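Subject: Handing over the structure

Dear colleague,

Please find below the structure that I am handing over to you, together with its sequence.

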2 protein chains.
Amino acid sequence: MKKGITKRSEDFSRWYTDVIIKARLADYSPVKGCMVIRPNGYALWEKMQSYLDMMFKETGHENAYFPLLIPESFLEKEAEHVEGFAPECAVVTHGGGKKLEEPLVIRPTSETIIWAMFKKWIMSYRDLPLLINQWCNVLRWEMRTRLFLRTTEFLWQEGHTAHATAEEAEEETLQMLNVYQTFAQEYAAIPVIPGRKSDREKFAGALHTYTIEALMQDGKALQAGTSHNLGQNFARAFDVTFQDQNGEQQLVYATSWGMSTRMIGALIMTHGDDQGLVLPPKMAPLSVVFIPIFKGKEGHGEILEFIDQIAASLDGDITHRVDAREEYTPGWKFNEWERAGVPIRVEVGPRDLKQGEVVVVRRDTREKANLAKDKVKEKIRELLDEIQTSLFQRALRFRQENTMRVDDYQTFREVVAEQGGFLHANWCGDPKCEDQVKQDTKATIRCIPIESEDEDGVCVLCGKPSGDRIYFAKAY
Amino acid sequence: MKKGITKRSEDFSRWYTDVIIKARLADYSPVKGCMVIRPNGYALWEKMQSYLDMMFKETGHENAYFPLLIPESFLEKEAEHVEGFAPECAVVTHGGGKKLEEPLVIRPTSETIIWAMFKKWIMSYRDLPLLINQWCNVLRWEMRTRLFLRTTEFLWQEGHTAHATAEEAEEETLQMLNVYQTFAQEYAAIPVIPGRKSDREKFAGALHTYTIEALMQDGKALQAGTSHNLGQNFARAFDVTFQDQNGEQQLVYATSWGMSTRMIGALIMTHGDDQGLVLPPKMAPLSVVFIPIFKGKEGHGEILEFIDQIAASLDGDITHRVDAREEYTPGWKFNEWERAGVPIRVEVGPRDLKQGEVVVVRRDTREKANLAKDKVKEKIRELLDEIQTSLFQRALRFRQENTMRVDDYQTFREVVAEQGGFLHANWCGDPKCEDQVKQDTKATIRCIPIESEDEDGVCVLCGKPSGDRIYFAKAY
């Protein structure tokens, strides 16, 4: 196994894999397309879960659990849905030593099984809205997989809601997009552009799909979360009606929305550097690591005692660890904790002890500062806030610098080929232009932004009038 | 749908299902053998998860995630393991529209895939102990299923640890059994007997299995959690060795341990009554429900304001809800919240308001008491503690009253047939006697208790000398 981490400038894709393997976030498994999420990676998922789950509950959603296996015939009830998902399904044909009468697919997403249950539970307007979320694993057979970004099995949450009116469903769809944006920006420190997907890119079975789109350091976009307005498509497929306040039967309106372990890939590729992972403090399972610098065999106890006093003074919500292992050098430990992305390192050697101070090192900028012992508590709190803000600002600046307004197709093609990033260009709305752009450049429509500038112009490809300046990019 | 809940004395099994359906804990799904866990049931699982996860972390374990799908050949590497689990497996034969070269089974438990990874991660004694836990779904094809107790798919946690010595592995196995006992008794208020399984009843692939056994209200036992000392069986099967401190290669020692959604079944059958669910306060997602008693159209606002003041005075960790729905009568609400098992109900009517007091009703004993407004905060806290203790004591008393010391086989058979419960009897240790008892009575050895009385006697069946008085029962 090679020792270092490939430089980003050398090979971004290898850098990404190196960081994951060296920081022990995940590992390849012997099962094709499936990964193992190791404790360091799973701790990031637990952080994600805790924030998202809190926000889901604050907006009135409850968690539930539906079966992993779905009868094949259920998928077929919604025409677009089966067309989109059937080719990616894993199929169970045998159970308990016998061939099954009807094959079962492993859920690629749960709309069908959930709407089969909603039919049992929804009778009247009093049963609405029904606001459900599920934390689970799903499976989509993938040809080309990549740790966290695209794996055959992945972990996610999928929200599924039922409403009495189209307006309520649309409101819910946008509300949950907003929750995802809040999580991405305020916790993961990843700036995102919220917008609508083109019809070509929407969820199979949706009226329309909203997305948040982020930009990675290699100039490729990443879809970080999606929220779908499903209209009455699934209610129609599963015959789910309710009696309204006038006693009449109406079809129910639906939404679904999901965010997955893919987001951990976004976290790595937004903030990481050539030394490894860089974690925004709100996502870091460990905020501060203390490293004693032992010189010779004497005085270890005093240094550790000094560190313990400081550690004990920190606010209760600041997770910390003292790395007092004797078998590793301080330099080795610096590397290890940098690689793991811990936001702050505190070093204490014999001279620091004598002077009653410590050395504090930021992971993001690698700046060092000497600090008196009694200032540490306050300074750490301050620094964590500062790192959180500064990582977001840095990523936002990167995105701004890599978003190009383009008005002619020649430039468009050059920018995609040479520098990547977001292309902010007009589009006439015709799927043919969308397909042509994709064929020529591999760039796709990432989203039609919600906060559009409503700027009249002409389609960057065909030159027809267009009221929408939208975002194109090559994407993960 | 019939309205009431069947009485326990009438049909315990129907009572159990009625409680689950009426309290909306779970529902049948259209997928054979699989259930849907509804929000009220899932909230109990979340409570379980939070306590167990905390205890796992306190004892040094980290969470990780391994693939759902396991190559069939992996299962075959441990002879007893494959014999035990292969007949229960669901098999994936097709993925992405193609037939797979090697079928994949859906994990019935994860020893094999985890030990395939441990082989990559364990090199030296420095990598040990390795203490991993996984929260996930598993699948075991079941012929006769029952909500929560036995379903084809279920949710659980499975701990998997690797150790340098046999002693350490045994210590870990017992430590985790102890964690399960603590959870069962201190949180779920279910008294359990910790003990060892007979060889016939141990986990497929284990050296030996420890269990905690609970007694349900119908006199049947329920295995509530198990912890296995796997010895070197899986290390041998997957060739996992480590270099010890003397530079020699040694096989690694293993444990695994699991607790599942089955525990929710135990919770229902231990504490429930003819009105529905009864929840120990530490497991209750909702501790207190306030119900205003409106008389006529006037004065609703004053009552709600009075309730809000009291609710706001409660300690922050006491979850509460005001059920102010106008479309339901107080009596209807009493039934609904009793069925749901909420530990305390607080009623406030116009007369209470005038006298500055409330009526407090315990769910477990259904005792009512009038209470001055300014005493509520303190009394609720006290009552919750009292209910928690009293439910445990009641269940313990029930178990004591339904545990019979038996020294002859005639009585043994009569007790099993007529009253059930635990039979505390001597056993010679011969599997033949074990089989005969099972055949004659359907009772099985539940466990050989850890705190044995070391009482010499003779086997209740064959009359040979026996040093162990152990527990038999019919079981779920």
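The helices and strands named in this email are DSSP runs, counted from the N terminus, where a helix (H or I) has at least four residues and a strand (E) at least two. Please keep in mind throughout that this is a predicted model.

To begin with chain A as a whole, it contains 14 helices and 25 strands, and its C-alpha atoms fill a box of roughly 80 × 60 × 45 Å along the principal axes. The radius of gyration of chain A is 25 Å, which agrees with the value near 23 Å that a compact globule of 476 residues would have. Chain A is divided into domain 1 (12-271), domain 2 (286-386) and domain 3 (403-473).

Between domain 1 and domain 3 of chain A, the centres, taken over C-alpha atoms, are separated by 28 Å, and the contact involves 16 residues from domain 1 and 15 residues from domain 3. On the domain 1 side of this contact, β9 (193-196) and β10 (208-215) of chain A are the elements that give two or more residues, with β9(A) providing the largest share, namely four residues. That side of domain 1 is made up of four nonpolar, four polar and eight charged residues.

Turning to the contact between the two chains, 38 residues of chain A and 39 residues of chain B take part in it. On the chain A side, at least two residues each are supplied by β2 (35-37), α2 (39-58), β3 (62-63), β4 (69-71), β5 (90-95), α5 (111-121) and β8 (153-163), and the largest share, six residues, comes from β5(A). The residues of chain A that touch chain B comprise 23 nonpolar, eight polar and seven charged.

In chain A, the peptide bond that joins Leu128(A) and Pro129(A) is cis, with omega about -10°, and Pro129(A) is found in the loop between α5 and β7 (130-139). In chain B, the bond from Leu128(B) to Pro129(B) is likewise cis, with omega near -10°, and Pro129(B) has its place in the loop between α5 (111-121) and β7 (130-139) of that chain. Asp239(B), although not a glycine, has a positive phi of about 55°, and this residue is found in the loop between α7 (233-238) and β12 (241-243) of chain B.

With best wishes

Conventions:
Residues are numbered from 1 along each chain as its sequence is written. Chains are lettered from A and ligands numbered from 1 in the order in which they are written. This is a predicted model: local features need pLDDT of at least 70, side-chain atom pairs count only at pLDDT 80 or more; totals for chains, interfaces and linings use all residues. Two residues are in contact if their C-beta atoms, placed from the backbone, lie within 7 Å. Ala, Val, Leu, Ile, Met, Phe, Trp, Tyr, Cys and Pro count as nonpolar, Asp, Glu, Lys and Arg as charged, and the others, Gly among them, as polar. Domain bounds come from an automatic or database domain assignment. The radius of gyration is taken over C-alpha atoms; the globule rule is 2.2 Å times the number of residues to the power 0.38.
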